[in-house]
Amino acid sequence: MTTRWFQVVYFDDDRIQKTLNAIIFLANPQEKHSAHITLRGPYQSKNDADNHTVNIRGENLSVFGVGNFFQFNQNTVFLSCGSDHLEKNWWKPHYDYHPHITIYDGESSSFAKKIYDSLNVARLFFSVVAGETKIIKSVSGQKMFDLRLDVNADRIAAAVGHEIDLSCFTEL
């Protein structure tokens with residue numbers, strides 16, 4: 001198993017954080033991390049990541065529509081993001097500047113395209129305030145329940161207008 005470390009930015013508004021978490025969870029119950037923007041990484045050690053942390057808490061960030069990575073057998077749908085603060089602190093040596101919030105990154109290309117089409121129609125343009133910046137560990141094949149534990153079935157039910165039974169998502 002390969003371990004990599006990343007610096008990520010969460011969102012200051014709990015409603016936005018939890019709503020994005022619910023969308024990500026419903027799109028892929030196996031997703032392990034809460035909604036975030038990856039700002040820096042990968043680092044090979046936590047110590048390395050800790051030595052390069054930046055804090056942009058309280059800064060305004062823009063979300064400006066939906067995008068995708070459908071090339072090279074990827075099935076990834078994301079919300080595009082940007083700000084001067086993200087650009088100034090961006091360090092992802094293997095990727096060009098392209099901050100985003102991943103909504104779905106899974107095996108099904110047809111499902112990814114349906115998510116993309118749905119979000120594209122919604123025309124999602126809004127501002128968020130950067131919240132806590134954290135160092136997270138990503139291990140290929142890891143099983144974590146951080147996202148699953150943060151999802152609130154009652155909040156989802158209120159948003160969609162009918163009761164949601166999360167017990168169908170027990171195949172984690």
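# Close-up views of a predicted model

**View 1. Asp50 and Lys46 both lie in helix H2, four residues apart, which is about one turn of the helix.** Helices (H or I, at least four residues) and strands (E, at least two) are DSSP runs, numbered from the N terminus. The model is predicted, and local features need pLDDT of at least 70, side-chain atom pairs count only at pLDDT 80 or more, while totals for chains, interfaces and linings use all residues. Residues are numbered from 1 along each chain as its sequence is written, and side-chain values use heavy atoms, with hydrogens and water left out. Asp50 forms a salt bridge with Lys46, their closest N and O atoms being 3.0 Å apart; a salt bridge is a side-chain nitrogen of Lys or Arg within 4 Å of a carboxyl oxygen of Asp or Glu. Asp50 counts as partly exposed at 34% relative accessibility, and Lys46 is partly exposed with a relative accessible area of 38%. Here buried means under 20% relative accessible area, exposed over 50%, and partly exposed in between (1.4 Å probe, protein chains only).

**View 2. A salt bridge joins Asp12 to Arg57.** The structure holds three salt bridges, and in this one the closest N and O atoms are 3.8 Å apart. The pair links distant parts of the chain, 45 residues apart: Asp12 is in the loop between strand S1 (3–11) and helix H1 (14–27), and Arg57 is in the loop between helix H2 (46–50) and strand S3 (60–69). Asp12 is partly exposed, at a relative accessible area of 44%, and Arg57 is likewise partly exposed, at 49%.

**View 3. Asp13 meets Arg15 at the start of helix H1.** A side-chain oxygen of Asp13 reaches to within 2.8 Å of the backbone nitrogen of Arg15. The two residues also form a salt bridge, with the closest N and O atoms 3.0 Å apart. Arg15 is exposed, with a relative accessible area of 58%, whereas Asp13 is partly exposed, with 26%. Along H1, the buried residues include Leu20, Ile24 and Phe25. The 14 residues of H1 should span 20 Å at 1.5 Å a residue, and its end C-alpha atoms are 20 Å apart, which agrees; the expected span is 1.5 Å times one less than the number of residues.

View 4. The largest nonpolar core has 25 residues. A nonpolar core is a set of buried Ala, Val, Leu, Ile, Met, Phe, Trp, Tyr and Cys residues joined through side-chain atoms within 4.5 Å. Leu61, Val77, Ile101 and Ile103 have the most contacts inside this core. S1, H1, strand S2 (37–43), S3, strand S4 (76–82), strand S5 (100–105), helix H4 (109–122) and strand S6 (125–139) each supply at least two of its residues. H4 gives the most, with four residues. Thr76 lies in strand S4. Thr76 is buried, with a relative accessible area of 4%. Its side chain makes a polar contact with the side chain of Asp105 at 2.7 Å. A polar contact is a pair of N or O atoms within 3.5 Å; within protein, one must be able to donate a hydrogen and the other to accept it, and residues adjacent in sequence count only if both atoms are side-chain atoms. Not counting residues up to four places away in sequence, Thr76 touches Gly67, Asn68, Phe69, Phe70, Thr102, Tyr104 and Asp105.

**View 5. The structure holds five aromatic pairs.** The rings of Tyr43 and Trp91 have their centres 4.9 Å apart and their planes at 25°, so this pair is stacked. Tyr43 lies in strand S2 and Trp91 in the loop between helix H3 (84–89) and S5, so the pair ties together parts that are 48 residues apart in sequence. Tyr43 is buried, with a relative accessible area of 4%, whereas Trp91 counts as partly exposed at 34% relative accessibility. The rings of Tyr104 and Phe111 have their centres 5.2 Å apart and their planes at 85°, so that pair is edge-to-face. Rings of Phe, Tyr and Trp (its six-membered ring) pair if their centres lie within 6.5 Å; planes under 30 degrees apart count as stacked, over 60 as edge-to-face and the rest as tilted. Tyr104 is buried, at 6% relative accessible area, and Phe111 is partly exposed, at 34%.

**View 6. Phe6 is found in strand S1.** Phe6 counts as buried, at 12% relative accessibility. The C-alpha atoms of Phe6 and Leu39 are separated by 7.6 Å, although the two residues are 33 residues apart along the chain. Leaving aside neighbours within four places in sequence, the contacts of Phe6 include Thr38, Arg40, Pro42, Ile135 and Ser138.

How values were computed:
Contact = heavy atoms within 4.5 Å.
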